[in-house]
Amino acid sequence: MSNKIIDKRMSAKEAVEKFVSDGDTIGIGGQSIGRVSTFLAHEIIRQNKTNLTLVGCNLSLSMDLLVGAKLVKRTECGSGSFERFGTAFQWRNAIQNNLIEVQDYSHLAMASRFLAGSLGIPFMPSKSISAVHQPESDH
């Protein structure tokens, strides 16, 4: 086994070209208005990657930019907000006008989904949402 370090650095343009395709599901990290990947969101918009599903605990600025660019078909998240500034504006508008699908989860449920994926298992058992009733969607 070689101890040689492989340089995996690349530009945002190269990363989006290589790793993001139309119809992909993209996990977005960060928290609200800090530590979010707006640089990559801008590059996804420049390359016009469409029909995206965005997943994350708290989708915020990056998600709102992509929704505003009409590149997102679905979000799966714990929330979509700018903390004290309120709900993500483009996301809220898209929901109110039935332009995107939304699947709501608690933050713990989203973190558990990511944990299960990292462990290579289909789900992580949790009682956090067992007592919560989510009404049937019209969609």
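User: What share of the contacts in the protein between residues at least 6 apart in sequence join residues at least 24 apart?

Analyst: A contact means heavy atoms within 4.5 Å. Among contacts in the protein between residues at least 6 apart in sequence, the share that joins residues at least 24 apart is 55%. This is a predicted model, where local features need pLDDT of at least 70 and side-chain atom pairs count only at pLDDT 80 or more, while totals for chains, interfaces and linings use all residues. Residues are numbered from 1 along each chain as its sequence is written, and side-chain values use heavy atoms, with hydrogens and water left out.

User: Which elements make up the secondary structure of the protein?

Analyst: Helices (H or I, at least four residues) and strands (E, at least two) are DSSP runs, numbered from the N terminus. The protein has five helices and four strands, and from the N terminus on they run α-β-α-β-α-β-α-β-α.

User: How many of the residues are buried, as a percentage?

Analyst: Buried means under 20% relative accessible area, exposed over 50%, and partly exposed in between (1.4 Å probe, protein chains only). Of the 139 residues in the protein, 29% are buried.

User: Where are the buried residues of H5, and what do they pack against?

Analyst: Helix H5 covers residues 107-119 and reaches 18 Å from its first C-alpha to its last, close to the 18 Å expected. The expected span is 1.5 Å times one less than the number of residues. The buried residues of H5 are Ala109, Met110, Ser112 and Ala116. They lie on the same side of H5 because they cover an arc of only 160° around the axis; the arc is that of the directions from the helix axis to the C-beta atoms. These buried residues pack against strand E2 (52-59) and strand E3 (72-80). Ala111, also found in H5, is partly exposed, at 36% relative accessible area. Just after H5, Gly120 takes a positive phi of about 75°.

User: How many salt bridges does the structure hold?

Analyst: A salt bridge is a side-chain nitrogen of Lys or Arg within 4 Å of a carboxyl oxygen of Asp or Glu. The structure holds five. One of them joins Arg46 and Glu43 at 3.0 Å, N to O. Both residues lie in helix H2 (residues 38-46), three residues apart, about one turn of the helix. Arg46 is exposed at 55% relative accessibility, whereas Glu43 is buried at 8%.

User: What is the nearest side chain of opposite charge to Asp64?

Analyst: Lys and Arg count as positive and Asp and Glu as negative; His and the chain ends are not counted. Asp64, in helix H3 (residues 61-68), is buried yet has no salt bridge, and the nearest side chain of opposite charge is Arg92, 8.6 Å away. A polar atom of the Asp64 side chain lies 2.7 Å from the backbone nitrogen of Trp91.

Notes. Polar contact = N/O pair within 3.5 Å; in protein donor to acceptor, adjacent residues only side chain to side chain.
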